[in-house]
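Dear colleague,

My notes on it come after.

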Amino acid sequence: MRTTSPTKDTQKTVWYWSKKALVVVIFSLVVNHLAASDNFLENEAYRFPTIGVVFTIVLSILVIIIADINFNYYKKKYFSKKIEISAIMRFMATTLGYITLLYVPLNIIVELAIGGHVQFYLILIGLIITLLICFILIALLYAQDLHALYKLSIKGAEITIESGAKTTKLPYEHIAYFYSEHKIVYTVQYDGTTISTDFTLNELEEKINDQLFFRANRQLIIHKDAVAQVEKIENGKLRIRLKAAIQNETMAQITISRYKRKTFLDWFE
């Protein structure tokens, strides 16, 4: 079994946070130079916005702490299996929600502490601007992480197949389809190798990446790359032909019902 040395782990961690720190610094410089016309370089009254940059960096660190805790939660529960827009938007929405829960009370406390009057309209305007800035910052910080997780879920993922006393690890890219026959579920690989499993198709459907696999019917789950041809037939149905190398008599032609047609086409295309 391969292991990673502590030194390499440390280097990866340092590099990971160094990239995020660089994004925060550049983001702070850009935001503060665009915030006011006096901060434009060509302005004769230009002064480097030191206070603004420092404040933005401190605020960004707080945002990173909140976002990173939430990202790790979503990574474990959602992103490790599938990267989809709805999960990403929930991650963004909940992160911004936590920021809102901190922003509003802190502003009210600060206003009362300095003896001012709480003006909820100004707090609301400030909140909207802050959330917009935070949204852009979080997108910049985690876009690469999400892209890496997406590539991993497509190319690097594998499933552990248990068959009696044997356990086999199969990469998704080697699997053509799963099919059920006489209450036994089989895994068919692109080289024609067939392995029986202890799973049901329902259990497999919960485990596998549904960006790659589709439950065609009660007996079959197919890999996207196994499909050679899609043909529209009568009554709004689809006929699926698998690649010749992995065809057998049972799987020579597969029919997708009209109820699943749109879902299949969305997945396939």
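The model is predicted, so local features were taken only at pLDDT of at least 70 and side-chain atom pairs only at pLDDT 80 or more, whereas totals for chains, interfaces and linings use all residues. Residues are numbered from 1 along each chain as its sequence is written, and side-chain values use heavy atoms, with hydrogens and water left out.

The protein chain has six helices and ten strands, these being DSSP runs numbered from the N terminus (H or I of at least four residues for helices, E of at least two for strands). Of its 269 residues, 33% count as buried, where buried means under 20% relative accessible area, exposed over 50% and partly exposed in between, with a 1.4 Å probe and protein chains only. Among contacts (heavy atoms within 4.5 Å) with a separation of 6 or more, 50% are between residues 24 or more positions apart.

The structure holds five salt bridges, each defined as a side-chain nitrogen of Lys or Arg within 4 Å of a carboxyl oxygen of Asp or Glu. One of them pairs Asp145 with Lys20, with the closest N and O atoms 2.9 Å apart. Because Asp145 lies in helix 4 and Lys20 in helix 1, the pair ties together parts that are 125 residues apart in sequence. Asp145 is buried at 17% relative accessible area, and Lys20 is buried at 5%.

Glu231 forms a salt bridge with Arg239 at 3.3 Å between the closest N and O atoms, and another with Arg241 at 3.9 Å. Through these shared partners, Glu231, Arg239 and Arg241 are joined into one network. Glu231 is partly exposed, at 29% relative accessible area, as is Arg241, at 28%.

In helix 6 (residues 261–268), the buried residues are Phe264, Leu265 and Trp267. They lie on the same side of the helix, because they cover an arc of only 160 degrees around the axis, taken from the directions from the helix axis to the C-beta atoms. These residues pack against several strands, including strand 6 (213–217) and strand 10 (254–256).

Finally, Ile85, Met89, Leu132, Phe135, Ile136 and Leu140 make a nonpolar surface patch of about 590 Å²; a patch here joins nonpolar side chains (Val, Leu, Ile, Met, Phe, Trp, Tyr) within 5 Å, or like charges within 9 Å, from residues with over 30% relative accessible area and no salt bridge. Areas come from the Shrake-Rupley method with a 1.4 Å probe, and for residues only the protein chains shown count as cover. Helix 4 gives the largest share of the patch, four residues.

Best regards
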